[in-house]
Amino acid sequence: MKLQRLSARLFPLCLLTTLLVGCNGLPSVPVEAPGPYPVYTGGFDFPIAAEHQPHIIGLKAFGIVPWGNEAVHNGIDIIPNYQKHPIPNEIRIVAPAGGFVVAVEEIVNPNVDLKWILVVIQVNPRILITLSFEPQTDNDRVWQKQKDRILVSAAGPLPEHISKGDTVGYLQIPPEGPTRGYPHIDYRVLIKPEAMTMQQLWDQQDLIGHNCWSRLPTFICPLAYSSLEARQDFQKIIALPDDPAEPLCDCACKGGITVCRTPFNESICGEGCSD
């Protein structure tokens, strides 16, 4: 995976992609955000601002197998209207939880020569949220606007603090339509085992594509940490007549372990939850 660096720190970004390809030009070994972390209460919010939620038309589920190169889809794609007029110019993306912005990275997919911007929020020492801004276009003007409309940074000497509901940036909708696929936000949650340091997480970067059965540092379905209101927002989209009605996942706590059932399997995706 070719990485073209905007600004990055603290996190093994190649682990955050689903493409099973090599990784070069890695940032330096990650270091924990210093804290203090905000108190996590009430679950994660929906990452689309309320005024733009009516423009969301569909979802692609967590856990789809295969997903490109036989990988697992480790997030939820949130898809805005990009086909039927009036098409919005952009969609405001907000932080589902408070924390620290530990990476903002421009990623190039050499297989299709398209780029996206990955934002990583460290919620606490064990939980990280990733938001990938994927306009899916080779239009240079739209891409420049996408870079300009990321409103957080990881370039300073200390990680930028962000609060739940703060604007992370604006997903750009190509007016002429996407070059391939569909413009979307890829929303993910990553759990780091308590005993694992960020150094060890970095050393496990070859685990790209492993699913939750590995019991190694892994992505889990964002619904496992979503608030009731956010779950209802997801459900409204699933109920839309134009959405493919693809189940997202059904997450529950069983014996202190979060278990997410997708349309394809049941995956053990995190420890330390409360029944």
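A polar contact is a pair of N or O atoms within 3.5 Å; within protein, one atom must be able to donate a hydrogen and the other to accept it, and residues adjacent in sequence count only if both atoms belong to side chains. This report applies that term and several others to a predicted model, in which local features need pLDDT of at least 70 and side-chain atom pairs count only at pLDDT 80 or more, while totals for chains, interfaces and linings use all residues. Residues are numbered from 1 along each chain as its sequence is written, and side-chain values use heavy atoms, with hydrogens and water left out.

Asn81 is found in the loop between E3 and E4; here helices (H or I, at least four residues) and strands (E, at least two) are DSSP runs, numbered from the N terminus. With a relative accessibility of 11%, Asn81 counts as buried, a term that means under 20% relative accessible area, whereas exposed means over 50% and partly exposed lies in between (1.4 Å probe, protein chains only).

The side chain of Asn81 makes a polar contact with the backbone oxygen of Lys84 at 2.7 Å. A polar atom of that side chain also lies 3.3 Å from the backbone oxygen of Pro86. If neighbours within four places in sequence are left aside, the residues in contact with Asn81 (heavy atoms within 4.5 Å) are His55, Ile57, Pro86, Ile87, Pro88 and Ile173.

## Aromatic pairs

Rings of Phe, Tyr and Trp (its six-membered ring) form a pair if their centres lie within 6.5 Å; planes under 30 degrees apart count as stacked, over 60 as edge-to-face and the rest as tilted. The structure holds 2 such pairs. In the stacked pair, Phe44 and Tyr225 are 5.8 Å apart from centre to centre, with 25 degrees between the planes. Phe44 belongs to the loop between strand E1 (2-8) and strand E2 (56-60), and Tyr225 to the loop between strand E11 (218-220) and helix H3 (228-238), so the pair ties together parts that are 181 residues apart in sequence. Phe44 is buried at 0% relative accessibility, and Tyr225 is buried at 14%.

Phe46 and Phe234 have ring centres 4.8 Å apart and planes at 85 degrees, so this pair is edge-to-face. The pair links distant parts of the chain, 188 residues apart: Phe46 is in the loop between E1 and E2, and Phe234 is in helix H3. Both Phe46 and Phe234 are buried.

## The two sides of helix H3

Phe234 is one of the buried residues of H3, together with Ala230, Asp233, Ile237 and Ile238. These residues cover an arc of only 145 degrees around the axis, and therefore lie on the same side of H3; the arc is that of the directions from the helix axis to the C-beta atoms. Among the elements that cover them are E2, strand E3 (76-80) and strand E10 (184-191). On the other side of H3, the residues Leu228, Glu229 and Lys236 are exposed.

## Salt bridges

Side chains of opposite charge can pair when their charged atoms come close. A salt bridge is a side-chain nitrogen of Lys or Arg within 4 Å of a carboxyl oxygen of Asp or Glu. The structure holds 6 salt bridges, and the table presents some of them.

| Residue | Partner | Closest N and O atoms |
|---|---|---|
| Arg92 | Glu51 | 2.7 Å |
| Arg188 | Asp186 | 2.6 Å |
| Asp233 | Lys236 | 3.9 Å |

Arg92 is buried, with a relative accessible area of 18%, whereas Glu51 is partly exposed at 44%.

In the salt bridge between Arg188 and Asp186, Arg188 is buried at 5% relative accessibility, and Asp186 is buried with a relative accessible area of 3%.

Asp233 and Lys236 are 3 residues apart in helix H3, and are therefore separated by about one helical turn. Asp233 is buried at 14%, while Lys236 is exposed at 56% relative accessibility.

## Val101

Val101 lies in strand E5 (residues 99-109) and is buried, with a relative accessible area of 0%. Val101 and Leu158 are 57 residues apart along the chain, and their C-alpha atoms are separated by 9.5 Å.
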